Amino acid sequence: MYNQDFFFQALIYLLAAVVSVPLAKKLGMVSVLGYLLAGIIIGPFVLGLVGQEASDVMHFAEFGVVLMLFVIGLELEPSLLWKMRKSIFGLGGLQVLITSIVIGAVALAFGFQLNRAVGIGLILALSSTAIVLQTLTEKGLIRNTAGKSAFAVLLFQDIMVVPILAIIPVLATFNAAGNLADTQLDKLTGVAALPGWAQLLVIIAAIAAIILLGRFVSKHIFRFIAETNLHEVFTAMALLLVIGIALAMDAIGLSPALGTFIAGVVLADSEYRHELEATIDPFKGLLLGLFFISVGASINFLLFIEDPFRIIGYVLLLVFLKFLVLLLLGRFFKLKKGYEFLFAFLLAQSSEFAFVLISFSRQSQLFEEKTGGLLLLVVTLSMALSPLLLLFNDKAVSPILARWQNKLEYDEVEAQDKPIILAGFGRFGLAVGRLLLANGFKVTIIDSNPANVEILRKFGFKLYYGDVTRSQVLENAGIANARLLILSMAEYDNALEVSKYVRNKYPEVKILARAKDIYHAFEFIKLNVKTVQREMFNSGLELGTKALEHLGFARYEAYRSARFFKHHEEEVFMELYEHWLEDHSRFIQETRRFSEQLSETLIAEKSFSIHEADCAWDVESIREEAEASLKSNEQK
């Protein structure tokens, strides 16, 4: 007989996640906040659908944390750690150290015992990996100076979770009212009866066994399993590995998370790394989601109701202290031109790892229930505040900094007679610029990414650091009498803004623009920018041509089909634009009709015989003829 209560609880948890997480994503929040919101809604302080059993579910879901640290270990290749060592261990190490000391000192001043103050400092020093990485990805900031610095700090913080998990039980032993036998440390110490030197030898032997088995034995086991071609067996093996290591670590008195993290790092260079990550990830995501829902359900909102101003004050104090430390570190590590403010705002919140560490601290009796509940409230509210901090930076701080910036912070662009201005020298602009330079044209190249400018200057390119959305930069570059303005920048909204400005003030200047997709191209057409190139169109067409060749088309047939496809797209583009302006539903209908028409035409074309003379259009033949002609001229 099935336990009806179990299925009802499972239904509640899954329904809460399925409803709340997509809503949170729609509102621009990360999934962690969605799970917390789900837990709060179904918890005892709102709907009351779950109660005390939430803590039991949390114990089960904590295995998701073990899986998460295994996946983090898989992502931390030793070579990557070594390459980024200065940023990770320099900037990241100082951030954790200084922030922990500052927050710990404040906690001590508020009357917390020394061991608890240290624990609070270590836990609240961490920042949200989920929130920051999603923000960096969505805003395209992962490659700029602030983004790379934030990533390095997050990487060090992820590594520090394991030592903090190991430190917490030790801090718990110093509680005046506590006893070692009552703490989680005693539960973790399966070899506690052995002498200290023997315990150390057992621990070293266990870690060495993980490293040796992971490095030399695991690949043979995974190869044997992979040869069965049964994915469920590989899944079982991956879970067996993680659970086995977790139990082994638990038996010798170490954190299970520590063992799985070490195993993940050891397997990071394995050829089965990506398969392991893909296999473990669904279990990790589901269990972590369950864990965060349980955390949300267990948050004690009575504490907030009792003294809301004190809680809000703690949240604002935490954000201010972290922001201040990060801002000073950013300037110390020479982040300039507003990047130090972005870096500080990005990392000023607390971390999803804090929920894990607070839960573990309560089990270890480092914190009593009231302190743990208070910290959970502060962490949750600081994470919820994070999107507002970034919005404040975008709308208030950045514009003020832009007005205060001296123009000399940007490069002085040398004036040229009728210049060709190329804005953006990334992957797309690099190809355009190199082609123009190779044909003897002088190009004024402007890029807003200082790291990109620094790197490309080392390769001999002459480019200027500047922001073309600032009219002064365009004026200095000679936009008034420019032959061409080429907008190859990846910041699509900025490109439209520049186009609008130039069209209004200098309507005679020819503008060539890079578009993200057909809709972005239509936006340029609205601004009377006639020459627009969709960034992925030609490269996608070339790969499609090669795909046709692999599917049995002769080289010329594939080339001819791609050329016809491109010609058809160019023919119907303006007609589709008119429909897009007038009626969106009509636009969709016409797009489908043109696609069907193109398919019928291409199939009909393929049925015709191809004359051998048509092979003159073969690109390879043209290249060979050109090379032969060049050699003939050289001989003459």
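User: Is Thr380 buried or exposed here?
Analyst: In this predicted model, Thr380 counts as buried because its relative accessible area is 10%, and buried means under 20%.

User: Which helix is that in?
Analyst: Thr380 belongs to helix α19, which covers residues 369-404.

User: And what does the side chain of Thr380 reach?
Analyst: The Thr380 side chain reaches the backbone oxygen of Leu376, at 2.7 Å. Leaving aside residues up to four places away in sequence, Thr380 touches Leu33, Leu36, Ile299 and Phe355.

User: Switching to β1, which way do its residues point?
Analyst: From strand β1, residues 420-423, Ile420 and Leu422 point one way, whereas Ile421 and Ala423 point the other way, and all of them are buried.

User: Why would side chains alternate like that?
Analyst: That is what a regular strand does, since its side chains alternate between the two faces of the sheet.

User: OK, how does β1 pair with β2?
Analyst: The pairing of β1 with strand β2, residues 443-447, is in the parallel sense and extends over 4 bridges; within β2, Val443 is the bridge partner of Ile420.

User: What sort of unit do β1, α20 and β2 make?
Analyst: Together with helix α20, residues 427-438, the strands β1 and β2 make a β-α-β unit that is right-handed.

Key
Residues are numbered from 1 along each chain as its sequence is written. This is a predicted model: local features need pLDDT of at least 70, side-chain atom pairs count only at pLDDT 80 or more; totals for chains, interfaces and linings use all residues. Side-chain values use heavy atoms; hydrogens and water are left out. Helices (H or I, at least four residues) and strands (E, at least two) are DSSP runs, numbered from the N terminus. Buried means under 20% relative accessible area, exposed over 50%, partly exposed in between (1.4 Å probe, protein chains only). A polar contact is a pair of N or O atoms within 3.5 Å; within protein, one must be able to donate a hydrogen and the other to accept it, and residues adjacent in sequence count only if both atoms are side-chain atoms. Contact means heavy atoms within 4.5 Å. Two strands pair if DSSP finds at least two bridges between them. A crossover is right-handed if, with the strands pointing away from the viewer, the path from the first strand over the helix to the second runs clockwise.
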